[in-house]
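Have the model open as you read.

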Amino acid sequence: MVLRVAPHSWLSVTPEPERELPEALATLRHDGDPSALDVQRERARIEALILHGRQRDWLAYLTRALDETERTRPSNNPGVVRARAIVREVIANHHNLLLGLPGRAAERTADERRRLNGGPA
C-alpha cells in the first residue's frame with residue numbers, strides 16, 4: 001500500500017504568516033516607514049504564492065524573508081526591531097508546525113529552524 005501525501009497540507013499553516021508578514025516585511029524593507037501601498041504589495045505577493053504557488057515557492061519566500069532579517073542593518077528604530085522579531089517568530093512557528101505535516105517540508109526547513117533557535121545551520 002502506498003501512502004499519498006496531501007499535496008496542499010502546507011496551506012494549513014499559512015494563516016499566521018499571511019496575516020503578520022506583510023506589514024513586518026514592508027517595515028524592514030522601508031526602514032520602519034512603509035506606506036500602505038508597500039504593505040499591500042507584500043500582501044499581494046503572499047496571496048499570489050498561496051493561491052497559485054507550490055509549497056517550494058512558499059518555503060523559498062520564507063527563506064528570503066528570514067535572510068532579510070539577517071541582512072538588514074541594525075536599527076534603533078523600535079518599529080524595525082519589532083518587525084524583525086515578528087518575522088523571525090512567525091517563521092519559527094511556521095517551520096515548527098511543519099513538523100506535524102506529511103511530506104518533506106520539515107526536513108527542508110531543518111537548517112532554518114536551527115538558525116532561528118540559535119544553533120549552527
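Start at isoleucine 91: apart from neighbours within four places in sequence, it is in contact (heavy atoms within 4.5 Å) with Leu62, Ala65, Leu66 and Leu116. A word on the source: this is a predicted model, where local features need pLDDT of at least 70 and side-chain atom pairs count only at pLDDT 80 or more, while totals for chains, interfaces and linings use all residues. Residues are numbered from 1 along each chain as its sequence is written, and side-chain values use heavy atoms, leaving out hydrogens and water.

Ile91 also turns up in the largest nonpolar core, which has 26 residues; along with Leu21, Leu25, Trp58, Tyr61 and Val87, Ile91 touches the most other members. Such a core is a set of buried Ala, Val, Leu, Ile, Met, Phe, Trp, Tyr and Cys residues joined through side-chain atoms within 4.5 Å, buried being under 20% relative accessible area with a 1.4 Å probe, protein chains only. H4 (78-98) is the top contributor, giving eight residues.

Now look at how H1 (residues 15-29) sits against H3 (residues 55-71): they pack at about 40°, axes 11 Å apart.

Terms used: Axes are lines fitted to C-alpha atoms, for helices over the stretch in contact, and angles run from 0 to 180 degrees between N-to-C directions. Helices (H or I, at least four residues) and strands (E, at least two) are DSSP runs, numbered from the N terminus. Buried means under 20% relative accessible area, exposed over 50%, partly exposed in between (1.4 Å probe, protein chains only).
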